Amino acid sequence: MLLTYVDAIRQALAEEMRRDPAVFLLGEDIGIYGGAFKATAGLVDEFGPARVVDTPLAESAIVGAAIGAAYTGMRPVVEMQFMDFIACCFNQITNFAAKSHYRWGAPVPMVIRGPVGGGVHGGPFHSQNPEMYFAHTPGLKVVEPATARDAYGLLKSAIRDNNPVLFLEHKFLYRRVKEEIAEDGPAIPLGVAAVARPGRDLSVITYGAMVQLALETAQALAAEGVDAEVLDLRTLAPLDRGGIVATAKKTNKVLILHEDTRTGGIAGEITAILQEEAFDDLDAPILRLTSADTPVPFSPPLEAAFLPSAEGLKAALRRLARY
Amino acid sequence: MTPSPELTAADRGANSEREWFEDLRLERHAFTIRRTRREGKVVYEWSGEITDPPPLRESGSLDRAQCLEIYRFLLMNRIMEQQLENLYKQGQVVGGVYFGLGQEGNSVASAYALDATDWMAPMIRNQGSLLVRGFAPRDVMMQYMAKAGSPTGGRDGTSHYGDLGPRRMISPISMLGDLIPVMGGICMGERLQGRNVAAMTWIGDGGQSTGVFHEAVNFAAVQNLGLVLVVENNLWAYSTPLNEQTKVADLALRARGYGIPAVVVDGTDVLQVYDACRGAVERAHGGGGPTLIESKLMRMKGHAIHDAAAYVPPELLEFWRRRDPILRFEQYLRQKGWLTAEAQQRLVAEVEQFMLAERAAAEASPMPDGNTALSGVYCEPGCHAVQPRFEAAAPALAAANGGAHLTAVEGDAPHLR
Ligand SMILES: Cc1ncc(C[n+]2csc(CCOP(=O)(O)OP(=O)(O)O)c2C)c(N)n1
Ligand SMILES: [Mg+2]
């Protein structure tokens, strides 16, 4: 089947619900309406309103209910209409779900999925990348696929995982990327990065919609004789330290690219890992290209200035290549 | 800007409001706490009459054996807390200790109303409910002492533990209010597997002000979940009196806002508490949705052991000292002829003896090995996962209850009996 990123998500949800009666969905407007981005379109017809639950507008109650259901052996998948609203249930996620297994041995097999990211002029409250609030919290897993096939395979793993997983879907990708995906295809393990483009001269470590930008830029730089490797992290927690160190040891030059804002972004953590584990292999300072430390602005020229750009990435990679 | 200076315990609500809940009480408390200035200091002042309480309200559903079992739990609760205070004073407790003095009847009788297949989640003062649910006093003690043998192996303290196994108890977190949606979710998960269960938890007059309380009660109402929510109105949230918490005289009235039934009970009357909770549990079993129970009582000690509660007017304590739930229940049992003075003394001695043994066991547990701190953040393959148990009727039950609210849009005040 040729599936877009959002189709792949729906396909994975449907297959997991068919495979395991413990899987059910809850969220705002996900039933008859099919979700704000139609990620759950049609699922209520197949599985019924008891397993595709339209809820009141109450994020703490939704996530709390998912945690409770998970304690009884169910595998709830919560949709956040926009991941920005996850701030409303921060306590349920970081204090209830994340600490549950550590504190008293009670696993919380729950997925919270929904759209993140900018580039669609959503403004300050419909464009954020909240991953680091959660990647910082022990006990949570944080996943962000960059391709339709990864969206499909990683979501399957997230649903089968016994821990709370935040599954961040980049809304810019929902209908812009498409891939051939086999029905009932394999799950893709969490915590394993993928080399999206092999290269010899330098490495771009990135994830989410920035993988597309990295691939396009690498293509452009190939004409200038710079052979860039692109590493797609896919999972931010737990991080694939081995994959990160391996690409650095291979190319000896690293740039970390993310759409998340700069301070406290994953780039800082990756830089520290490379200092600890690959210092002797580095031929250049580690560079970062990220969004600015501001809220996500609304107007297109403002948002363009906020986000990492193709030009900015090219310039940074040329600089890195010169070392 | 200043909040209303009057704290009226119970009787401020107009009669029209009272129609929205069932009231099992045999007395309405008439006293007022006024914030005033005395000799340059801002204080709370009592006015009212210190009366004696009526006898308990006959239950009709509890037999002698059950009453005596409840009585034993009450004694255990109180004597255990005396031991905890003692352990604290000897420096054996890590951190503070929280007490439920004066609230034991509410903790024990509410938990006693659950079936073994139901679920519960305690708040910090509900130590009696832990005992009812099958935890041993030594578990409670070791948890406060941060011992290796504690239910969390020293990873957390106070009443922060649970059991997904036979005791079906969810561990609370410190953030008040956040247990409520989780308990609703328990009912949702069980219903998807074909069972209507009750899920009980407690919340204070303070905790009831949180946003998540409102989200969760509304959610349970709309989804028709068997939440049994006991609002422990003990008149104080740490040092904050009721009237600085809410303008509502009877917290049960809030149920009206969610279209669910509510009951008000005298929280020092074990039989009222049991009857209200049992009714709510049975409603949950029948797929009838959530119930809010307001239990009116008094926190008879400070917020925690460090708090002398000097802000509480002494008359208020005297008023409630006459309403000690254990003494009131004892009198009931005497009157029924179910407990002789001799039997009572024997029971107290036996529980005291038992508690000393429990305490010795708790003291004997070592402190945890520091290395155990580093594991168990994730439940990895091989870690125990909870397996669902689907009943044959699961889809039908889930559809019937889950969709019930959709047909009830016309039903104004369906709980009015
Ligand atoms: C959300 C939240 N805010 C603050 C606290 C700190 N705190 C713990 S108990 C308490 C007072 C609680 O009062 P109430 O809910 O009436 O329960 P009570 O102690 O009277 O049983 C406060 C402020 C907390 N635990 N959770
Ligand atoms: Mg209180």
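Colleague: How much area is buried between chain A and chain B?

Modeller: Carbon and sulfur atoms give 67% of the area buried between chain A and chain B. Buried area here is the accessible area (1.4 Å probe) that two parts lose on being put together, summed over both. For chain A and chain B it is about 3700 Å².

Colleague: Before we go on, what pLDDT do local features need?

Modeller: Residues are numbered from 1 along each chain as its sequence is written, chains are lettered from A and ligands numbered from 1 in the order in which they are written, and side-chain values use heavy atoms, with hydrogens and water left out. This is a predicted model: totals for chains, interfaces and linings use all residues, side-chain atom pairs count only at pLDDT 80 or more, and local features need pLDDT of at least 70.

Colleague: Thanks! Back to the area buried between the chains, which three residues of chain A supply more than any other three?

Modeller: On the chain A side, 43 residues are in contact with 49 residues of chain B, contact meaning heavy atoms within 4.5 Å. Of the area that chain A buries against chain B, 21% comes from A:Tyr102, A:Arg103 and A:Trp104.

Colleague: Which residue of chain B forms a salt bridge with A:Lys141?

Modeller: The chain A and chain B interface has 2 salt bridges, each a side-chain nitrogen of Lys or Arg within 4 Å of a carboxyl oxygen of Asp or Glu. With its closest N and O atoms 3.8 Å apart, the salt bridge of A:Lys141 is with B:Glu380.

Colleague: And which element gives the most to the side of chain A that touches chain B?

Modeller: There are 19 residue pairs in polar contact between chain A and chain B, both at pLDDT 80 or more. A polar contact is a pair of N or O atoms within 3.5 Å; within protein, one must be able to donate a hydrogen and the other to accept it, and residues adjacent in sequence count only if both atoms are side-chain atoms. Strand E2 (23-27), strand E3 (52-54), helix H3 (59-71) and helix H4 (90-104) of chain A each supply at least two residues of this side, where helices (H or I, at least four residues) and strands (E, at least two) are DSSP runs, numbered from the N terminus. With 10 residues, the element that gives the most is H3(A).

Colleague: Within chain A, how far apart are the C-alpha centres of domain 1 and domain 2?

Modeller: Chain A has domain 1 (2-180) and domain 2 (194-322), with bounds from an automatic or database domain assignment. Of domain 1, 26 residues are in contact with 22 residues of domain 2, and the two bury about 1900 Å² between them. Their C-alpha centres lie apart by 26 Å.

Colleague: Which residue meets A:Asp150 in a salt bridge?

Modeller: A:Asp150 sits in helix H6 of chain A. At a relative accessible area of 8% it counts as buried, since buried means under 20%, exposed over 50% and partly exposed in between (1.4 Å probe, protein chains only). Across the interface of domain 1 and domain 2 of chain A there is 1 salt bridge. At 3.0 Å, N to O, the salt bridge partner of A:Asp150 is A:Arg234.

Colleague: Is A:Asp184 buried or exposed?

Modeller: A:Asp184 lies in the loop between strand E8 (178-180) and strand E9 (194-197) of chain A. Its phi is near 50°, a positive value in a residue other than glycine. With 59% relative accessibility, A:Asp184 is exposed.

Colleague: Last one: what is omega for the cis peptide bond that joins A:Ala237 and A:Pro238?

Modeller: A:Pro238 is placed in the loop between strand E12 (235-237) and helix H8 (241-251) of chain A. For the cis bond from A:Ala237 to A:Pro238, omega is about -5°.
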